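User: I am new to this structure and would like to learn how its features are read. Could we go through them one at a time?

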Amino acid sequence: MIEGVLTVSLGSRRDRRELRAGESLDLPPHIPHRFWNPSDQPVRLVGEACPGAQLGIALERLCQLAREGKVTRGGAPKDPLEVALLFEQSEMYLTGIPPAIQRPLQRWLADLARRRGYTTHGRS
C-alpha cells in the first residue's frame, strides 16, 4: 500500500483485513477475495498478479467507470454488459456460482456487448 486504507476480504466475509500505507498482503491462489476503499480518501497501491491475465487493464477500466458514476455504491458496474467484458478480460468470476456456469454466460454477454458497440475502453 502506498496511500489510504484498503479493506480486503479473503474467503469468507468474516476474514477482513485493513491494509494501510507500507503494508502488504499475499492473496493465496484459488481463494475468493474482494477489496474496496471504505472511505472517501484516495487509495494508491501497487499490485502484482501471477498469472495476471489482463487484471490491471480491467481494474483501470473499473476505476474509469467509477469516475464516470457508472458503478453502484458497492463499486460494481451498473451495466451487466460492462461486467461481462471486465470478467472476460480479467478472467475474474463471481464467488458462489460455479465458473463452469458463469463462463458461457459471460462469453455470451461479452459478445452481445461488442455487437452493441462496447469496448474494453468504453462505448464506441
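User: Which residues in helix 1 meet which residues in helix 2?

Analyst: This is a predicted model, in which local features need pLDDT of at least 70, side-chain atom pairs count only at pLDDT 80 or more, and totals for chains, interfaces and linings use all residues. Residues are numbered from 1 along each chain as its sequence is written, and side-chain values use heavy atoms, with hydrogens and water left out. With contact meaning heavy atoms within 4.5 Å, Leu55, Ile57, Ala58, Arg61, Leu62 and Leu65 of helix 1 meet Glu82, Leu86, Gln89 and Ser90 of helix 2. These contact residues divide into six nonpolar, two polar and two charged (Ala, Val, Leu, Ile, Met, Phe, Trp, Tyr, Cys and Pro count as nonpolar, Asp, Glu, Lys and Arg as charged, the others, Gly among them, as polar).

User: At what angle do helix 1 and helix 2 pack?

Analyst: Two packed helices are described by the angle between their axes and the distance between the axes. Here helix 1 (residues 55-67) and helix 2 (residues 80-90) pack at about 160°, with axes 8 Å apart (axes are lines fitted to C-alpha atoms over the stretch in contact, and angles run from 0 to 180 degrees between N-to-C directions; helices are DSSP runs of H or I, at least four residues). Helix 1 is therefore roughly antiparallel to helix 2, a word used for angles over 145 degrees.

User: How do the axes of helix 2 and helix 3 cross?

Analyst: The axes of helix 2 and helix 3 (residues 99-115) cross at roughly 115° and come within 8 Å. The residues of this contact divide into eight nonpolar, one polar and four charged.

Methods. Helices (H or I, at least four residues) and strands (E, at least two) are DSSP runs, numbered from the N terminus. Angles under 35 degrees count as roughly parallel, over 145 as roughly antiparallel, 65 to 115 as roughly perpendicular and the rest as oblique.
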